[in-house]
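User: Could you walk me through how to read a nonpolar core and a few buried sites? I'd like the general idea each time, then the case at hand.

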Amino acid sequence: MTDYCGIIRKGSAYPEGAVTLIEGESMEAAGAELGAPLASGETRRNMTTRGVRLNELVGRRFRLGAALLEGYELCHPCKRLERQTQKPRLKALRGRGGLREYIIEGGEMATGDSIRLMPSSCEGALDAGLEGASVVEGQ
């Protein structure tokens with residue numbers, strides 16, 4: 001596994017101010033479908049997570065380490081992924097491509113950092129359901 005430690009900074013609109021996440025569980029399912037595990041760089045996502053359903057974070061703000069992110073859109077796999085990796089991955093990653101997030105506040109993050117959902121204006125604290133969710137590796 002490749003460890004990731006670094007600082008992300010708030011930037012302008014995508015792509016400078018965005019990061020991408022993918023669920024480790026989705027990578028495993030896609031690898032099983034393909035008959036071979038996916039290496040971390042084969043998804044073209046910045047970080048791999050465990051224990052959180054990323055598709056449910058579209059439109060939600062959450063902390064990853066010290067950074068505040070907002071789930072912007074699902075990160076669907078595209079032909080560019082296959083061109084760059086020279087491997088057929090599109091079909092296996094369909095519906096499992098991860099999440100693109102805008103950087104609201106920059107901050108340090110590292111392997112093992114937790115993901116904490118921020119309360120919206122009409123809800124209380126929402127860490128429930130994310131207990132144990134964390135970054136497991138970064139690309």
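Analyst: A nonpolar core is a set of buried Ala, Val, Leu, Ile, Met, Phe, Trp, Tyr and Cys residues joined through side-chain atoms within 4.5 Å. Buried means under 20% relative accessible area, exposed over 50%, and partly exposed in between (1.4 Å probe, protein chains only). This is a predicted model, where local features need pLDDT of at least 70 and side-chain atom pairs count only at pLDDT 80 or more, while totals for chains, interfaces and linings use all residues. Residues are numbered from 1 along each chain as its sequence is written, and side-chain values use heavy atoms, with hydrogens and water left out.

User: Which residues of the largest nonpolar core touch the most other members?

Analyst: Of its 15 residues, those are L21, M47, L54, L57, F62, L64 and L69. A separate core has 6 residues, including I22, M27, A30 and L38.

User: What is L21 in contact with, beyond its neighbours within four places in sequence?

Analyst: Contact means heavy atoms within 4.5 Å. On that basis, L21 meets R45, M47, T49, L54, F62, L64, G97, G98, L99 and E101.

User: Why does T48 count as buried?

Analyst: Because its relative accessibility is 2%. The C-alpha atoms of T48 and I22 are separated by 5.0 Å, although the two are 26 residues apart along the chain.

User: And is R100 buried or exposed?

Analyst: R100 counts as buried, because its relative accessibility is 13%. Its side chain joins that of E73 through a polar contact of 2.5 Å. A polar contact is a pair of N or O atoms within 3.5 Å; within protein, one must be able to donate a hydrogen and the other to accept it, and residues adjacent in sequence count only if both atoms are side-chain atoms.
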